[in-house]
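Trainee: I've just opened this one and I'm new to it. Could you walk me through it?

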Amino acid sequence: MAEVTYYSKEGLEKLKEELQYLKTEGRASIAKAIAEARDKGDLSENAEYDAAKEAQGLHEAKIAKLEEVLANARLIDESKLDVTKVLALSIVKLKNTKNGAIMTYQLVSETEADLKSGKISVKSPIAQGLLGKSVGDRAEIEVPAGKIELEILEISR
């Protein structure tokens, strides 16, 4: 059984848009490539045709995977979330107690994670170490570079 994944409204909409694109424009462009390759003659010796058919298979697999993700996706009602504890979709302001660096992360699903925009997966080591903690709590987290200690300064939505 597939794992249930929780999404923000924006993240869920993004997935639905990607699936719609793949089903419409993506399929159309692959069909066009197959038709062009077919027009070039003998299919038994046509590498372009083989490549187009393989691309079609990969494309359909991607669509199936996305449909599975969407079938197991759940929308989080942010208005009912407790802001006193770190949960999925929390925006957490942290202080590295060793070097004093301050950072802000939002905990999101794996597919929404984007470190450049400050969104980390709830399955990442940092997020796992923060889940359930409150403002003022300290979390000692094992990361690839070693152990870090983070203090939670602020939690918001």
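Predicted model: local features only at pLDDT ≥ 70, side-chain atom pairs only at ≥ 80, totals over all residues.

Trainee: What span should H1 have, and how far apart are its end C-alpha atoms?

Mentor: Helix H1 covers residues 9-38, and at 1.5 Å a residue its 30 residues should span 44 Å, while the end C-alpha atoms are 42 Å apart, which agrees.

Trainee: Which residues of H1 are buried?

Mentor: They are Gly-11, Leu-12, Leu-15, Leu-19, Leu-22, Gly-26, Ile-30, Ile-34 and Ala-37, and Leu-22 in that list is also the residue on which the kink is centred. The elements that cover the buried residues of H1 include strand E1 (5-7), helix H2 (47-71) and strand E2 (73-75).

Trainee: Switching to the sheet, what's the strand order?

Mentor: The order is E5-E4-E3-E7-E6, in an open sheet of five strands with mixed pairing. Strand E5 (119-121) and strand E6 (138-143) stand at the edges with a single partner strand each, so one side of each has no neighbour in the sheet. From one strand to the next, the twist averages 45 degrees.

Trainee: Do the strands run parallel or antiparallel, say E4 and E5?

Mentor: Strand E4 (residues 102-108) and E5 run parallel and are joined by three bridges, with Val-108 standing opposite Ser-121 in E5. By contrast, E3 and strand E7 (residues 146-156) run antiparallel and are joined by six bridges, and there Lys-93 stands opposite Glu-154 in E7.

Trainee: And how many bridges join E6 to E7?

Mentor: Six bridges join E6 to E7, which run antiparallel, and Ile-141 stands opposite Ile-148 in E7. A hairpin through two residues connects E6 to E7.

Trainee: Back to Ser-121 for a second, is it buried or exposed?

Mentor: Ser-121, which is found in strand E5, has a relative accessible area of 11%, and because buried means under 20%, it counts as buried.

Trainee: What does its side chain reach?

Mentor: The side chain of Ser-121 reaches the backbone nitrogen of Lys-123 at 3.0 Å. Once neighbours within four places in sequence are left aside, Ser-121 is in contact with Val-108, Ser-109, Glu-110, Ala-113 and Ala-127, and Val-108 is also the residue standing opposite Ser-121 across the pairing.

Trainee: Now Lys-95, where is that one?

Mentor: Lys-95 is in strand E3 (residues 91-96), and with 32% relative accessibility it counts as partly exposed.

Trainee: How far is Lys-95 from Glu-149, in sequence and in space?

Mentor: Lys-95 and Glu-149 are 54 residues apart in sequence but 8.4 Å apart in space, taken from C-alpha to C-alpha.

Definitions and conventions. Residues numbered from 1 in each chain as written. Heavy atoms only, no water. Pairing = 2+ DSSP bridges. Helix = DSSP H or I, 4+ residues; strand = E, 2+ residues; numbered from the N terminus. Axes fitted to C-alpha atoms, helices over the stretch in contact; angles between N-to-C directions. Expected span 1.5 Å × (residues − 1). Bend = angle between axes of the 7 residues up to and from the residue. Buried < 20%, exposed > 50% of the residue type's maximum accessible area, 1.4 Å probe, protein only. Contact = heavy atoms within 4.5 Å. Polar contact = N/O pair within 3.5 Å; in protein donor to acceptor, adjacent residues only side chain to side chain.
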